[in-house]
Amino acid sequence: MTRSESTFLPAEEQNRKPYRALWAMLLLGWVVSYADRTLTGPVVSWMIANDVGFIGESSDPRALGGLVGSLFFTGYMLTQYPGGRLGDRFGHREMIVLSLLWAGVMTALSGIVVGLIAFVGARVLTGLGEGVFYSNDRTLIMNNTPPKRRTLGLGVVISGLSIGLTVGIVLTPVLIDWGTSMGLGTDAWRVPFLVFAVFSVLVALGCWYFFHRHLGGRLRLGPPLLRMVAVSTPLLAAVLLLFVVADRLQWPTWGTALGSGMLAVLVIGAVVLRIRRTPEAATLLSRDIVIIYFAYIAILWNLWFFSFWSVEIVREAADSSLLAAALTAAFNAGAGILGFPAGGWLADRALRRGRGRKPLLISFSVIYSLLVFCFALSISGGGTPSLWLLGLILFCSGLFFNALQPIAQGMTGDLVPDAQRGSAFGLLNLVSEIGAVASPVVSGVLRDATGSWSVGTWVAGGIMLASAGMYAFVREKRPALAVA
């Protein structure tokens with residue numbers, strides 16, 4: 001553990017750990033963090049539907065909109081491992097607070113800037129800040145929760161992801177309409193960014209207060225903030241340079257996305273080479289955990305295929321309004337409110353009964369893939385499916401999709417020592433965010449090329465089915481279950 005966390009549980013207080021309160025604070029962090037990043041999708045859909053803004057006026061708006069989402073996740077991905085390392089060094093509490101404050105400020109900036117390049121820069125900066133949240137959140141939970149409840153804790157907290165997705169998808173059109181009623185016209189899309197930014201800052205301050213009072217005392221934010229700036233500056237420059245060069249040379253959108261992917265591969269390669277020179281390589285790059293790193297790409301691919309494009313898919317397939325499409329798409333995101341904790345509870349129950357978590361992970365992955373194929377069939381063929389049918393499939397698939405995530409995360413955390421969990425979760429998301437970077441833009445390009453979203457949906461389901469086969473080769477390490 002870090003210095004600041006070692007005082008969390010004095011010996012005389014071991015029997016009254018406030019880990020549930022910690023779960024609640026981190027859950028709120030997930031809510032605002034995911035609302036901030038999810039709102040881009042509905043905003044892009046509004047620009048496309050109304051032919052306004054730098055997206056709506058583009059000749060290939062869906063591909064460009066997908067590229068903006070992919071560049072956000074390029075930034076988000078590139079700070080995954082550095083964020084975990086900084087947490088292991090300076091404190092996971094400090095990185096959580098900095099991530100939320102940074103995201104709030106940059107989300108507000110996203111709603112203020114003028115022009116496509118400035119908007120892309122603001123979204124990349126948002127991603128760079130939010131990228132350090134995941135690894136430190138997962139580490140805090142595992143290090144401060146009784147072993148027999150760890151997977152449940154991972155699931156309960158990350159249910160905030162689904163709440164944030166639902167809030168972002170549903171409230172963004174409402175806030176845009178509010179901005180329109182206030183006379184903002186084509187600038188009404190800025191309102192959701194400004195509103196969500198306020199809530200992010202408030203949650204950041206709430207986390208700071210809780211950590212200060214109940215999780216180790218005083219926080220030192222200066223040193224990790226300086227390191228975050230030092231890490232983020234060259235990464236921002238690299239992503240923006242790629243975008244500007246591509247814009248000047250008029251590269252196709254998929255070419256820019258490919259360049260973004262190559263940048264990510266270079267960063268991953270540099271990180272792996274660095275780790276290979278250290279004793280940590282034996283655990284952080286072990287056979288089993290590397291399989292999970294790559295299999296998890298499918299989860300991020302599917303997460304951001306549906307999170308970014310589900311509103312547009314439903315709107316086109318059912319020929320509905322933007323608000324009706326958003327409410328229907330929210331069934332998929334909202335399913336995580338049940339799915340995440342249910343998956344964690346089932347995994348902990350399997351461990352207590354002497355069985356591993358891997359069978360659950362594989363079976364849930366297969367069931368989810370089959371439901372995605374059903375969704376692809378529903379939106380293909382040129383018909384007009386009902387919103388109820390699409391909502392039902394999205395909800396059922398969301399249950400299994402969200403349930404499997406804390407299971408995979410719990411298996412990952414148990415494969416490394418406590419002191420390396422920040423780095424392990426950072427590596428997990430660094431590698432797997434390849435899916436988040438590629439999914440929005442690849443799916444948008446496929447839609448523009450084929451005229452249908454069904455091809456991208458089949459691809460998403462197929463990738464997930466392949467990951468189920470990869471999990472079969474993982475040798476799970478089961479934790480020693482404490483009585484507490």
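Biologist: How much space lies in the largest cavity?

Modeller: This is a predicted model, where local features need pLDDT of at least 70, side-chain atom pairs count only at pLDDT 80 or more, and totals for chains, interfaces and linings use all residues. Residues are numbered from 1 along each chain as its sequence is written, and side-chain values use heavy atoms, with hydrogens and water left out. On a 1 Å grid over the protein atoms alone, a cavity is a set of points where a 1.4 Å probe fits but cannot get out, and its volume is the space filled by probe spheres set on the points. For the largest cavity that comes to about 80 Å³.

Biologist: Which residues that line the largest cavity are the closest to its centre?

Modeller: Lining residues have an atom within 4 Å of a point. There are 13 of them here, and the closest to the centre are Y34, Y134, L161, L300 and N429.

Biologist: What is the angle between helix α6 and helix α8?

Modeller: Helices are DSSP runs (H or I, at least four residues) numbered from the N terminus. Axes are lines fitted to C-alpha atoms over the stretch in contact, with angles from 0 to 180 degrees between N-to-C directions. For α6 (residues 92–110) and α8 (residues 133–144), the axes are 9 Å apart and the angle is about 140 degrees.

Biologist: Which residues of α8 does α6 meet?

Modeller: Contact means heavy atoms within 4.5 Å. From α6 come H92, R93, M95, I96, S99 and L100. Their partners in α8 are F133, N136, D137, T139 and L140.

Conventions: Helix = DSSP H or I, 4+ residues; strand = E, 2+ residues; numbered from the N terminus. 1 Å grid on protein atoms, 1.4 Å probe; cavity = no way out; pocket = protein on both sides within 12 Å on 5 of 7 lines; lining within 4 Å.
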